[in-house]
Amino acid sequence: MIRAIRYRDAQRFRQERLPGSTFFDLTQGSEEAAALWFYCPCGCGTPVRIPVGIRHKPAESPSWNWNGSLNDPTLSPSVNRIDCGWHGWLIDGYWQAC
Ligand SMILES: [Zn+2]
């Protein structure tokens, strides 16, 4: 398992590029909509942005249901990375490969 270390500072997040680290963009104009940035847990170094909804799955597809926790996030469904092949879950702040 890989800890999803949360960054509050977007610049540090982009500089350190830690596998599995997260940055939540909460500036979408609604309390119910947000985006999660993370560096792929596999270590390939790719930054990924996914739309998330707090305790609901937004209408857009693909999107994820997020439990609303910044430090120990859980997402549903699983995350499937097409370009590098990593597939797994984010549960209580840890990335778990399938
Ligand atoms: Zn990857």
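Modeller: Before we start, a term: buried is under 20% relative accessible area, exposed is over 50%, and partly exposed lies in between (1.4 Å probe, protein chains only). This is a predicted model, where local features need pLDDT of at least 70, side-chain atom pairs count only at pLDDT 80 or more, and totals for chains, interfaces and linings use all residues. Residues are numbered from 1 along each chain as its sequence is written, and side-chain values use heavy atoms, with hydrogens and water left out.

Colleague: Why is Cys42 called partly exposed?

Modeller: Cys42 has 38% relative accessibility, so it counts as partly exposed. Cys44, at 36%, counts as partly exposed too.

Colleague: What makes Cys40, Cys42, Cys44 and Cys84 donors of the zinc ion?

Modeller: Donors are N, O and S atoms within 2.8 Å of the metal (3.2 Å for Na, K and Ca); water is not among the atoms, so sites may look incomplete. The SG atoms of those four cysteines sit at 2.2 to 2.3 Å. Along the chain their spacing reads C-x1-C-x1-C-x39-C.

Colleague: And why is the site of the zinc ion called tetrahedral?

Modeller: Four donors count as tetrahedral if all angles lie between 85 and 135 degrees. Here the angles among the 4 donor atoms are 101 to 117°, so the site is tetrahedral.

Colleague: How do you know that β3 and β4 pair?

Modeller: Two strands pair if DSSP finds at least two bridges between them; strands are DSSP runs (E, at least two residues), numbered from the N terminus. Strand β3 (residues 33-39) is joined to β4 by 7 bridges, antiparallel, with Trp37 opposite Arg49. Strand β4 (residues 47-54) pairs with β5 (residues 64-66) over 3 bridges, in the parallel sense.

Key
Four donors count as tetrahedral if all angles lie between 85 and 135 degrees; four count as square planar and six as octahedral if opposite donors are over 155 degrees apart and all others between 65 and 115; anything else is irregular. Helices (H or I, at least four residues) and strands (E, at least two) are DSSP runs, numbered from the N terminus.
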